[in-house]
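Subject: Structure for your review

Dear colleague,

Please find the structure below, handed over for your study.

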Amino acid sequence: GKDFLILNLEITNPTKDKLNIRPVDFFRLKDDQGQQFAADVHNDPVKAEPISIRKTRVGYVVYESKKSFKFLVGEINGEKQEIEINI
């Protein structure tokens, strides 16, 4: 009755410095009761080389019958944007 929902991400580093980023810190799955869940599957941390794009992913365990998902996207201590995804 459960499945994986995988979000494929591209992290762009336009700087001349290497960045260490934790994508799991930027995404929360929001359920119908407003609870926020961190990713169940992730690469931690991701090293983004200077002036490059790095592909990575985060994944969540979800009920296979669910077809609509809400995510909060943004820095842990900053503002977040709510995004809805329908599959």
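**Findings**

Ile-51 is located in the loop that runs between β6 and β7 (52-63). Strands in this account are DSSP runs of E with at least two residues, helices are runs of H or I with at least four residues, and both are numbered from the N terminus. This is a predicted model, in which local features need pLDDT of at least 70 and side-chain atom pairs count only at pLDDT 80 or more, while totals for chains, interfaces and linings use all residues. Residues are numbered from 1 along each chain as its sequence is written, and side-chain values use heavy atoms, with hydrogens and water left out.

The backbone at Ile-51 deserves a look: phi is near 45°, a positive value in a residue other than glycine. With 61% relative accessibility, Ile-51 counts as exposed (buried means under 20% relative accessible area, exposed over 50%, and partly exposed in between, with a 1.4 Å probe and protein chains only).

Pro-45 belongs to the loop between β5 (41-42) and β6 (46-48).

Turning to charged side chains, how many salt bridges does a search of the whole structure find? The search finds six, a salt bridge being a side-chain nitrogen of Lys or Arg within 4 Å of a carboxyl oxygen of Asp or Glu.

One of them pairs Lys-55 with Glu-10, and their closest N and O atoms are 4.0 Å apart. This pair links distant parts of the chain, since Lys-55 is in strand β7 and Glu-10 in strand β1 (residues 2-13), 45 residues apart. Lys-55 is exposed, at a relative accessible area of 61%, and Glu-10 is exposed too, at 52%.

With Asp-25, the closest N and O atoms are 3.1 Å apart. Asp-25 is buried, with a relative accessible area of 19%, whereas Arg-22 counts as partly exposed at 36% relative accessibility.

Arg-22 also forms a salt bridge with Asp-44, whose closest N and O atoms are 2.6 Å apart. Arg-22 lies in the loop between β2 (19-21) and β3 (27-30), and Asp-44 in the loop between β5 and β6, so the pair ties together parts that are 22 residues apart in sequence. Asp-44 is partly exposed, with a relative accessible area of 37%. Through shared partners, the salt bridges join Arg-22, Asp-25 and Asp-44 into one network.

Yours sincerely
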